[in-house]
Amino acid sequence: MTSASIIASELIIGLEVHIELASATKVFSAAGNPAQFGTTESAPNTLIDAVVLALPGSLPVMTRESIESSMLVGRAMGCQVGGTTSWDRKSYMYPDLPKGYQISQYDRPVCGKGSMEVFPEDALGVVDLESPRGIRIQRAHLEEDAGKLLHEAPGGHALDGSIVDYNRAGTPLLEIVTEPDFRTADEVVGFARQLRLLVRHLGVSACIMQEGQIRFEPNINMRLTLDDGRVIETPIVEVKNLNSFRSVRGAIDYEAATQPKRWVCDQQEHARGTKTTRGWDPDKNCTTVQRSKEDAHDYRYFPEPDLPPVHIDAAWVARVEERLVESPMVRMRRWVTEYGLDSRGTLALLDEPDACAYFDAVVEASQAMGAHNAGSQAGRLLLQSGARLANERSVRLDELGATPERVAELVKLRADGAVSAQSADRIFELLCEEHEVDAASIAQREGLLLVRDDAAIDAWIEQVMHENPAIVEQIMGGKVQAVGRLVGGVMKLSGGSADAAEVKRRMLERMQP
Amino acid sequence: MTVPPTDTINAILERFESQAPATDGLLAGVNIAVKANICTTLGITSAASRMLENYRSPFEATVVTRLRRAGANLIGTTNMDEFGMGSSTEHSAFGPTRNPWDTDRVPGGSSGGSAAAVAAGIATVALGSDTGGSIRQPASHCGVVGLKPTYGRVSRYGLVAFASSLDCVGPIGRCVRDCAQALQIIAGEDPHDATCARVPVPNMINQLDTPIDGLRVGVVRTMINDHNHPAVNAVCEAAIERVRRSGGEVVDVELPHADHAVAAYYLIAPAEASSNLARYDGVRYGYRAPADKNSTLDEMYTHTRTNGFGPEVRRRILLGTHALSSGYYDAYYQRARKVRRLIKQDYDRAFNEHGLHTVVTPVSPGPAFRLGEKLADPMALYLEDQYTVGVSLAGLPAISVPAGMTDDPKPLPIGVQLIGKAFDEPTLLRVAATLEAAWSQRDSFKPQVGMC
């Protein structure tokens, strides 16, 4: 036994991601797919057929859509796609696995090596666009999902045994495996979220987290530097089936804090056969043992004799590549660096590809009308009040009813200082109802056009400054934020018709030393 | 239509209700029985297993659909070795089938019920399935014709899987022509089976009467040897002589890896079977062992599978599971796959480099054996397949044609096996028809029971 102590530590994390593809059918049969877009929950055991239930004599048949969706995600991650891909049986018995084996891919996956640029995301959701990390993708393969074993009856009633719902069995599942390239939880969460966004934008899965349509399994261990000069690695812990970013971060934080302590206790180092499988307990905020090395499965992989290998040629890859889209992170970077938007604020918008297109259309139309700072003005309007309204009405931004052209007119009014920020929100709301009326007419009708009489504004400013000499002194002394109270005074005098931003600018100009 | 004789030999497991006789189609009104591992919606699809004793399939096999559309009169299901595992039809959960030539003897297997039903005149044609010889060997033992098509020629959709890379559905009939007609109907691509070849189906019938002048027929000399029953060797030699006299050019051919076929087969087939039979777990359908509240899931699995499967099936599941398990995979399964490739190459060479049209061999080393004779010795039973499993591993078409008798007081039929090029069943059937016609005693060739 050594008594060496730890002087430095580094996390080593690899990630496995399972994504349920939204194809029209199951991966190996014509039965309906619960992960298809817009599918509402189906009654248990209705999305089934002879193949899904593994009835005697049934045979799996490859479906083109699942393969092409996998190829598309692979190409978006820069993976090698092409050549021969084939199927293998992975055997284990469990009631939710109808055949007693899962059809998967062992050594010839659809997608080979690739790499993805990832932007770390911190615990507050702020994305670091300055320091991207290249994460290598080891492979991505296609397999079938299992059904669900339920231990209580619908409605939470107690059961004498367990029941199985096979609706999910046979749903196409893309498993993406990264190299152990992550060093922080921020990188893992950034990758997880950005991969989800990418897949949504490619249109191959809705990745609804609470439905388990995307699930994360980090493999976590640590490199510890000891004071006697040795560098050792702790045993790998695989945390299964995480379906929220919060739990991904929680599991990594917990393991990062716990693995050095475990090593101090048992001195066990990473070696063949030391990997354990743990689950995440969201209530206790810790991981718990699910399976240790002693009862590791022997999956007895062997080539699936019911499915011939699939040959993917360059022409097929090229056809699939036509469906590639602009990466959502390229979009975010444009919004943040060019429009000055806040990265965290754009995440919700990025979640909806159609809303993104809508937003870009608004900005483009505003720019075409000569609106100054169009991106920033549109962002202010749509990411805050627009998003709130969409949320209240449970629709997407682009479904609120205001056309990009009408909204662009509003952005132009706002950029010209013709309406206040508050009024712009109100006009946007009205634009969503009144499709025939333009923003300027609404502003006029509702009396929301700002006074552009500079002389009147200057007179109000003069009056307010005169009445508040103490505050003026504070501001001149450097406490600039006190200007808000003076601006408020002017707005009051103007009956809300002055542009607060313009008032503030003029006021500070006057007080410049 | 004649009334089929009573089934005293336990060839039929279930008789279907009689259907309205068809007047249309190539098989209009022909009485056809199907092996009990082929799904129909007319009755129970049991695969002769306790596990599926009451199992009714909600869909029918593609071959059954095609037979019905051709006007066939489906009369029932035939007995077999459980899930196709056996060479004697003694491994049926519903009792053995007896050989119509001598009811103390087995009909062969695993399609013993189909072969016996045809030999006894209960069915005109019966479908069987052949994984390592399960159509050819019982056909030989029962004195009928059994055709294993090229792997991929006939859809496996609706065939209860034993070893998916080997399983073939094929016909058993009283003559080559009946088999050719049945194959014509059941062959061809099927969107439900990804391994079913997308190649056109040639005319199986129009070359049957074409002389075989100039066709090259290979003989594997090592397969005519002292380990065989003398009558098997004699019948084989006589058949070769008939081929020669009919205009065929007989040449010797070597299959250097043939000796390893049994070993490779008994790794690959059980490996696939262990996986294919994992679905019989008592959860969704089929037999489930009674359990009390305290039973664990593993206990339910264990009791269900121990009671639901017979001893031969359990043996093969254990064999196959072991062959695939980590640490043994390379030595067993992977190696067997390599041997399989070599065996395939042997045949490729025979057909392509030596320009052969067909190869003739014995079907099995002896005639039908007595019930119980080989039950205690699985290895002896496995050797029944030594001349047929190589063909299965190579995926080639082969046919068993009656060619002679033993000279026992109760004579037993002996067939010879003809092996063809992949997807060239017409040439194979042409040689088989010639051989059939050239055997002068063909017409007096009848079993002891059943024939009307």
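Me: Where does Ala54 of chain A lie?

Reply: Ala54(A) sits in the loop between β1 (6-20) and α1 (64-76) of chain A. Those labels come from DSSP runs, counted from the N terminus: helices are H or I with at least four residues, strands are E with at least two. Bear in mind that this is a predicted model, where local features need pLDDT of at least 70, side-chain atom pairs count only at pLDDT 80 or more, and totals for chains, interfaces and linings use all residues. Residues are numbered from 1 along each chain as its sequence is written, chains are lettered from A and ligands numbered from 1 in the order in which they are written, and side-chain values use heavy atoms, leaving out hydrogens and water.

Me: What is the phi of Ala54(A)?

Reply: Ala54(A) has a positive phi, about 60°, although it's not a glycine. Over in chain B, look at Gly109(B) and Ser110(B): a cis peptide bond joins them, with omega about 10°. Ser110(B) belongs to the loop between β3 (73-78) and α2 (112-119) of chain B.

Me: Now helix pairs. At what angle do α14 and α15 of chain A pack?

Reply: Two packed helices are described by the angle between their axes and the distance between the axes. The axes are lines fitted to C-alpha atoms, for helices over the stretch in contact, with angles from 0 to 180 degrees between N-to-C directions. Here α14(A) (residues 483-493) and α15(A) (residues 500-511) pack at about 125°, their axes 10 Å apart. That's why α14(A) counts as oblique to α15(A): under 35 degrees is roughly parallel, over 145 roughly antiparallel, 65 to 115 roughly perpendicular, and the rest oblique.

Me: Which residues of α14(A) and α15(A) meet?

Reply: With contact taken as heavy atoms within 4.5 Å, α14(A) brings Val483(A), Leu486(A), Val487(A), Val490(A) and Met491(A). From α15(A) come Ala500(A), Val503(A), Lys504(A), Met507(A), Leu508(A) and Met511(A). By class, this α14(A)-α15(A) contact has 10 nonpolar, no polar and 1 charged residues (nonpolar: Ala, Val, Leu, Ile, Met, Phe, Trp, Tyr, Cys and Pro; charged: Asp, Glu, Lys and Arg; polar: the others, Gly among them).

Me: And how do the axes of α2(A) and α5(A) cross?

Reply: The axes of α2(A) and α5(A) (residues 328-339) come within 9 Å and cross at roughly 105°, so α2(A) is roughly perpendicular to α5(A). Gln194(A), Leu197(A), Leu198(A) and His201(A) in α2(A) meet Pro328(A), Met329(A) and Arg331(A) in α5(A). That contact of α2(A) with α5(A) has 4 nonpolar, 2 polar and 1 charged residues.

Me: What about the second largest pocket: what is its volume?

Reply: About 1100 Å³. The largest share of its lining, 5 residues, comes from α8(A).

Conventions
On a 1 Å grid over the protein atoms alone, a cavity is a set of points where a 1.4 Å probe fits but cannot get out, and a pocket is an open set with protein on both sides within 12 Å along at least five of seven lines; lining residues have an atom within 4 Å of a point. Grid points are joined across faces, edges and corners, and a volume is the space filled by probe spheres set on the points.
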